[in-house]
Amino acid sequence: MFRKEDIQLGIAPIGWTNDDMPELGGDIPFEQCISEMALAGFTGTEIGNKYPRNIDELKQALQLRGLQIASAWFSAYLTTKPYEETEAAFIQHRDFLHAMGAEVIVVSEQGKSIQGEMDTPLFEKKPKFSDQEWQTLAQGLNRLGELAQQKGLNLVYHHHMGTGVQTADEIDQLMNLTDENLVYLLFDTGHLYFSGDDPLYILKKYLDRIKHVHLKDVRADIAKQVRNGQQSFLQAVKQGVFTVPGDGAYDFLPAFEILAKSSYKGWLLVEAEQDPMKANPLQYALIARNYIRDKAGI
């Protein structure tokens, strides 16, 4: 299906240790995390909060295990703070990723976000941007996109539950307002499915602007409980709303077929935050790797 030379397979550390909830996997060492990634058959990773920030130290740890850095999350606050604050942090983040050999920078607008609030209902209190905030966000992202390209990287925007860019309509708005040559899209199956949108709609519509892919599955029964019970994003994660491809309700085969027939080249990165006490990270990494091999042929 895919040409193996076009695709790199990675997995995020969030199944081992959670950046937003350190109590989930707080006792799991960085070395165990990346060793199990390699053992499961992945060749790349995104950066978590336990990863060394010393470039030489991190490179050595990854090279010993045959791993590369695909990217790392960046929180922007373009709608709620002066642009200069986000830019300064972005440049530092960009330079670190460039030194690590990454080609994309994952950016999510965290102004007004409720994704990190334990008791705020995810659907009832979902943030909305005003017309002015949309303009401010788009202009800021375009400027950050230019800064990324100065170092040969591309900005990929991460639509995310609990933020102002969550739904298909909001992704449409963002894509319409931003420069197609400066702001690209991270396609995340799990966040769209959980939001109640059709991931394939976004995949087909913005295929030419998608430069990074997160493979995340959803347990539909828990997603329904979260929506009906007015629970928060973090509560949903603790309950196990997300899981790896092959263990949830989403059928990845159509998405794989569309990507394989396209000109997409880059990372397919498993990202499924779970409680490692309930979902053994290595076991679930192997479930994901076997599913991708069976369904995507890589």
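**Close-up views of a predicted model**

**View 1. Helices α4 and α5 in contact.** Trp134, Gln135, Leu137, Ala138, Leu141 and Asn142 of α4 meet Glu170, Gln173, Leu174 and Leu177 of α5 (contact: heavy atoms within 4.5 Å; helices: DSSP runs of H or I, at least four residues, numbered from the N terminus). The model is predicted: local features need pLDDT of at least 70, side-chain atom pairs count only at pLDDT 80 or more, and totals for chains, interfaces and linings use all residues. Residues are numbered from 1 along each chain as its sequence is written, and side-chain values use heavy atoms, with hydrogens and water left out.

**View 2. The crossing of α4 and α5.** The axes of α4 (residues 131–150) and α5 (residues 168–177) come within 9 Å and cross at roughly 55° (axes: lines fitted to C-alpha atoms over the stretch in contact; angles run from 0 to 180 degrees between N-to-C directions).

**View 3. Met21 in its loop.** Met21 lies in the loop between β1 (7–11) and α1 (30–40) (strands: DSSP runs of E, at least two residues). Its relative accessibility is 1%, so Met21 counts as buried (under 20% relative accessible area, 1.4 Å probe, protein chains only). Beyond neighbours within four places in sequence, Met21 contacts Met118, Leu234, Val237 and Lys238.

**View 4. Phe90 in the largest nonpolar core.** Among the core's 78 residues, Tyr51, Phe90, Leu141 and Leu268 touch the most other members (core: buried Ala, Val, Leu, Ile, Met, Phe, Trp, Tyr and Cys residues joined through side-chain atoms within 4.5 Å). Helix α11 (residues 281–296) gives the most to this core, seven residues.

Definitions and conventions. Buried means under 20% relative accessible area, exposed over 50%, partly exposed in between (1.4 Å probe, protein chains only).
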